[in-house]
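Biologist: Could you show me the model, so that we can go through it together?

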Amino acid sequence: MAWGRSQNLSTFILLGFPGPRGLQTWLFLLFLVAYVLTVAGNLAIISLVGAHRRLQTPMYFFLCNLSFLEIWFTTACVPKALATFASHSGAISLAGCAAQMYFVFSLGCTEYFLLAAMAYDRYLAICLPLRYGSTMTPGLSARLALGSWLCGFSAITVPAALIARLSFCRSHVINHFFCDIAPWIVLSCSDTRGVELAAFGIAFCVILGSCFVTLLSYAYIAATIIRIPSARGRHRAFSTCSSHLTVVLIWYGSTIFLHVRTSVESSLDLTKAVTVLNTVVTPVLNPFIYTLRNKDVREALRRSVQRK
């Protein structure tokens with residue numbers, strides 16, 4: 001950021017959600033409960049898959065990657081938000097703000113690619129069941145997961161590099177509960193059009209690319225399920241991908257609004273509110289979606305409880 005050209009703005013203040021002390025207390029409790037449930041729920045899924053041989057398949061390998069990602073995604077922003085609610089200061093260093101921004105958006109991009117890989121896995125399992133075992137090998141699963149992580153952490157490097165060239169000389173108050181790109185760069189006294197365009201382009205390409213793979217996979221899945229003659233067979237086929245489809249709809253619904261927009265200076269308060277959905281609510285819902293809607297996970301959980 002020409003970090004040295006930041007004109008004494010070495011520390012920023014995260015505004016969070018301004019309001020009376022009672023509101024801050026309720027928000028602290030809400031975020032804390034959501035964070036604890038997110039970490040505990042996703043760790044439980046990883047433990048279940050590791051402890052039950054029946055769950056050690058490509059689908060659950062991807063689910064473990066998603067659970068691991070969700071833990072770190074929410075950890076990248078929620079603990080700092082809790083500190084802001086508790087201390088009412090929200091101070092964060094320039095380097096800390098940059099690191100938080102990078103990890104939040106890298107993990108967010110990774111989730112897009114990982115959800116697309118999971119959609120492809122479900123396509124192979126439902127549309128090409130006889131070839132599934134020979135196609136979706138452990139090696140391919142590992143490469144798809146690794147590729148998702150690498151692409152996710154590479155995608156944000158261009159906007160991050162452009163932000164690193166900005167100078168900050170305006171207010172040091174960031175209108176958010178974490179260092180989001182939009183409310184951060186509006187504080188810059190440099191020309192931010194390049195950053196806005198790069199961020200929009202990366203978001204558009206990541207979302208469009210992963211969405212294309214996901215929609216195409218589910219188009220083939222839907223066509224295959226419709227051709228299954230028995231209602232029981234159709235229900236069984238759909239049940240294997242219903243959890244993933246639910247997560248996809250929740251994730252895409254919130255993040256498309258957040259990232260595919262051309263101006264960062266409009267509706268920052270609305271953006272902040274919607275961000276709570278995909279940084280706090282969605283990560284805590286995913287473990288429940290996969291356990292309540294997945295027969296194999298429910299059975300593994302039941303056996304684990306009975307052993308105790």
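This is a predicted model: local features need pLDDT of at least 70, side-chain atom pairs count only at pLDDT 80 or more; totals for chains, interfaces and linings use all residues.

Biologist: Okay, which residues are buried in helix 3?

Modeller: In helix 3, which covers residues 78-87, the buried ones are Val78, Ala81, Leu82, Thr84 and Phe85, where buried means under 20% relative accessible area, exposed over 50%, and partly exposed in between (1.4 Å probe, protein chains only).

Biologist: And where do they sit around the axis of helix 3?

Modeller: Seen down the axis, the buried residues of helix 3 fall within an arc of 160°, so they line one face of the helix. An α-helix has 3.6 residues a turn, so residues three or four places apart point the same way.

Biologist: What follows helix 3?

Modeller: His88 comes after helix 3, and its phi is positive, near 65°.

Biologist: New topic: where is Thr57?

Modeller: Thr57 is in the loop that lies between helix 1 (21-51) and helix 2 (58-75), and it counts as partly exposed, at 30% relative accessibility.

Biologist: Is Arg236 buried or exposed?

Modeller: Arg236, which is found in helix 10, is exposed, with a relative accessible area of 65%.

Definitions and conventions: Residues are numbered from 1 along each chain as its sequence is written. Side-chain values use heavy atoms; hydrogens and water are left out. Helices (H or I, at least four residues) and strands (E, at least two) are DSSP runs, numbered from the N terminus. The arc is that of the directions from the helix axis to the C-beta atoms.
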